[in-house]
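User: Hi, I'm new to this one. Could you walk me through it?
Analyst: Happy to, here it is.

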Amino acid sequence: MSTVLRAVGVLALSSFTLGGVVAAQAPSSAPAPPAPAPTSQAPASPAWAYGLPPLPPDGTLPAGRGPATAAPPAAPRQPDTSLKHVPGSTQEFTLAHIRDYWDVGDWFPEDHPPMPNVVVHGRQPHVRGCAMCHMPNGKGRPENAPVAGQPYPYIVQQLHDFKNDLRTSADTRKTNTAQMIEAAKDMTDEEINAAAEYFSSMKWTPWIRVVEADTVPKTRIQGNVFFVIPDGGTEPIGHRIIESPEDSERFELRDPRSGFVAYVPTGSLKKGAALVASGGGKTTPCGVCHGTDLKGLGPVPGLAGRSPSYIVRQLWDIQQGTRKGTWSPLMRPVVEKLTQDDMIAIAAYVASLK
Ligand code: HEC
Ligand code: HEC
């Protein structure tokens, strides 16, 4: 606790001394112990937070591409060359353009400042245009990350952590994290700065509806995202958060104004609020570092209103030690004793904040 308080004290003094804080903290802190086994009834790994099906019973992770999680290729044999539209936009794009990593279609140029070249075009062959995955407005999607409104130094640090192999996915089946790493490894300092400046210049605005539920619509997974099966019936939510596009058609068209619904287990919001506010004897109150409204503080990222699957994924990756960036030691004591159910409750509450 005292280490944390010291860290927080320094953080409060200057928002740019995090590197120094971690360095100063290093000698006094013992090497991180191995992650505790989850004590809840939850399965070993929260595969749902990665948009993946649970691991096989023996728990082995297949290397590289995992079992087929994608639905079989869409039926039409002829490429669909029709022009697509989304509500409120005067733009029209073909599906091929909507899926083009090197010239990202922009439905609403009026919603954001002009995109730097690296964000819209990237640079072949490894730096895919950021806006393809994170959207032109930076809001991202559950399968990647919500980057809009994060502090400039935080974004720069994360790109360096990916570059230096300090941030990988605990579930190696998640191939888009590998693409993120591939991009970061090839980015120049100029590209890193331009992208960080762009994404940090925008404010975060919530677009996720958090709903407590015991049962949820049945879903299928495609491209690390849960889609509701129309007329598919329901099933118990179990120890999961099911985050799904409000409108799967607009999602497929990459409409950046079409948000998400996140079903969370009943009781999560109250439990999460308590853990976030007081730590419940298990963790540190989040507000001291992330800001009392959890919208970020100095270089520490904002959490409020952001994807709960992404948040659980990060808490799990930090606990497992696959996210071990320069600033991650500040989060180690926070996640050490959290069970998966705690993480679910925390993420549910945090995502529900406006
Ligand atoms: C192929 C899709 C893809 C592309 C293209 C992509 N990213 Fe990412 N990015 C990801 C994924 C996936 C993650 C989250 C990984 C995880 O779950 O830990 C991520 C995470 C990040 C994060 C961390 C956010 C946080 O809150 O910690 C930053 C910053 C980021 N990306 C910036 C960029 C920039 C800048 C570009 C353009 C050069 C880019 N990304 C291009 C997929 C992508
Ligand atoms: C001592 C300061 C501190 C406290 C307390 C703290 N955090 Fe953090 N948190 C950080 C820092 C610094 C980072 C960036 C870590 C990195 O770069 O790897 C971070 C990162 C995160 C991330 C990843 C964000 C992203 O965009 O990828 C999540 C999620 C998170 N914290 C949740 C929490 C929650 C929930 C709590 C309270 C239970 C909490 N934190 C308490 C300092 C703190």
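User: How many nonpolar, polar and charged residues are in the shell around ligand 1?
Analyst: The shell around ligand 1 has 14 nonpolar, 9 polar and 2 charged residues. Here Ala, Val, Leu, Ile, Met, Phe, Trp, Tyr, Cys and Pro count as nonpolar, Asp, Glu, Lys and Arg as charged, and the others, Gly among them, as polar. This is a predicted model: local features need pLDDT of at least 70 and side-chain atom pairs pLDDT 80 or more, while totals for chains, interfaces and linings use all residues. Residues are numbered from 1 along each chain as its sequence is written, with chains lettered from A and ligands numbered from 1 in the order in which they are written.

User: Which residues are closest to ligand 1?
Analyst: Of the 25 that surround ligand 1, the closest are Arg128, Cys130, Cys133, Met180 and Ala195. A residue is near a molecule if its C-beta atom, placed from the backbone, lies within 6 Å of it.

User: And which helix gives the largest share of that shell?
Analyst: Helix 7, with 5 residues. Helices are DSSP runs (H or I, at least four residues), numbered from the N terminus.

User: Switching to ligand 2: which residues come nearest?
Analyst: Cys286, Cys289, Gly325, Trp327 and Ser328, out of 25 around ligand 2. Helix 1 (2–13), helix 11 (287–290) and helix 12 (308–320) each give two or more residues to the shell around ligand 2.

User: What classes make up the shell around ligand 2?
Analyst: The shell around ligand 2 holds 17 nonpolar, 7 polar and 1 charged residues.
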